[in-house]
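Here is a friendly walk through one protein model, written for reading alongside the sequence and the 3D view. Please keep both open as you go.

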Amino acid sequence: MAVKLLAFQAALLKAIPANLESPKFLLAVSGGLDSMVLTDLFSRCDWSFGIAHCNFQLRGEASNEDAIFVQKKAQALRVNFHVTNFKTKAYAALNKLSTQEAARKLRYEWLEEIRSKNNYDYLITAHHLDDSLETFLFNFAKGSGLKGLLGIPAKNGPILRPLLGFSRAELEIYYSRKKLNHREDASNSSDDYDRNKIRHQVIPVLKDINPALLTSVAANLEHLKDSYLLFQHQVKQLEQQILVKNDDQILIQSSLLMAHPARRTLLYEWLKPQAFHPNQIPQILDCIVKE
């Protein structure tokens, strides 16, 4: 099954207020297959959009050729084109980040700047269902709270991801049928990055176990998102019952907290905004017990 234009439009419009007339979109386009499918879909809709490209200067001349390729596409479509060059490795070293973390931070900060300055209503990225699965597995392996296991959000403030309901295979079929062109990033085939290891080594094994893996994952992520909403609602209700806010102080009614079976999780959720680490929570609970 390929991506259907109507299904794509429905996914995007679902995230936009009905009273927003003539929204403007900024597309983050790398030149890869996913983003070229996204660009083609937008070109077939009666929507105003511009294209933005980040040159991370990680692959020498190939990175420059990617930027030229995307620029030519924008010119062919007669839409505004925005481009920037990053010294990604230098930034990563200076801020003690991995190359991927640095690229992600630079990318989103610049894209938001361009979106805001040029009055685009939304930033659109080409993330799809396979990306969401990779994010789930990455966060699960690295360790995260429940929120980190929700995959990639379809909407995060002004960021929309209308392709999240589609698999990479569906995008590839659309790409082939429309006879599109793209630029291949050679680093995608390397296992130097953790996400690539998940993509090339872990997911194929899971698909051997369950050929319908992506269908199962899509359903499970929806269940997890609903569970997280219920979780947040309950945490908020219990916060009103157990915490007492007095001016700039927050007092915890320890007897009520200790009576709850999920006291460790509750305490962490309440203290997290104060930059408490999860490892500190058992120590705090031990102090309460000794009182």
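Is Gln-57 buried, partly exposed or exposed? With a relative accessible area of 42%, Gln-57 is partly exposed, where buried means under 20% relative accessible area, exposed over 50%, and partly exposed in between (1.4 Å probe, protein chains only).

## About the model

This is a predicted model, in which local features need pLDDT of at least 70 and side-chain atom pairs count only at pLDDT 80 or more, while totals for chains, interfaces and linings use all residues. Residues are numbered from 1 along each chain as its sequence is written, and side-chain values use heavy atoms, with hydrogens and water left out.

## The chain as a whole

The protein chain has 12 helices and 8 strands; helices (H or I, at least four residues) and strands (E, at least two) are DSSP runs, numbered from the N terminus. Its C-alpha atoms fill a box of roughly 70 × 45 × 45 Å along the principal axes.

Of the 291 residues, 38% count as buried. Among contacts (heavy atoms within 4.5 Å) between residues at least 6 apart in sequence, 67% join residues at least 24 apart.

## Two loop residues with positive phi

Gln-57 sits in the loop between β2 (48-55) and α3 (61-77). Its phi is near 50°, a positive value in a residue other than glycine.

Ser-22, in the loop between α1 and β1 (24-28), also has a phi near 50°, again positive in a residue other than glycine. Ser-22 is exposed, with a relative accessible area of 68%.

## Helices that cross

Two packed helices are described by the angle between their axes and the distance between the axes. Here, axes are lines fitted to C-alpha atoms, for helices over the stretch in contact, and angles run from 0 to 180 degrees between N-to-C directions. Helix α6 and helix α8 (residues 194-209) pack at about 100°, with axes 10 Å apart. That makes α6 roughly perpendicular to α8 (angles under 35 degrees count as roughly parallel, over 145 as roughly antiparallel, 65 to 115 as roughly perpendicular and the rest as oblique). The residues of this contact divide into 7 nonpolar, 1 polar and 7 charged; Ala, Val, Leu, Ile, Met, Phe, Trp, Tyr, Cys and Pro count as nonpolar, Asp, Glu, Lys and Arg as charged, and the others, Gly among them, as polar.

Helix α4 (residues 88-95) and helix α5 (residues 99-117) cross at roughly 105°, and their axes come within 9 Å. So α4 is roughly perpendicular to α5. Thr-88, Tyr-91 and Ala-92 of α4 meet residues of α5 including Ala-102 and Leu-106.

## A buried asparagine

Where does Asn-196 lie? Asn-196 is part of helix α8, and it counts as buried because its relative accessibility is 3%. Leaving out residues up to four places away in sequence, Asn-196 touches Ser-187, Asn-188, Ser-190, Asp-191 and Gln-201.

## The second largest pocket

The second largest pocket has a volume of about 540 Å³. Of its 19 lining residues, the closest to its centre are Lys-14, Ala-154, Leu-164, Glu-222 and Lys-225. A pocket is an open set of points on a 1 Å grid over the protein atoms alone where a 1.4 Å probe fits, with protein on both sides within 12 Å along at least five of seven lines; lining residues have an atom within 4 Å of a point. Grid points are joined across faces, edges and corners, and a volume is the space filled by probe spheres set on the points.

By class, the lining has 12 nonpolar, 2 polar and 5 charged residues. Its largest share, 4 residues, comes from α9.
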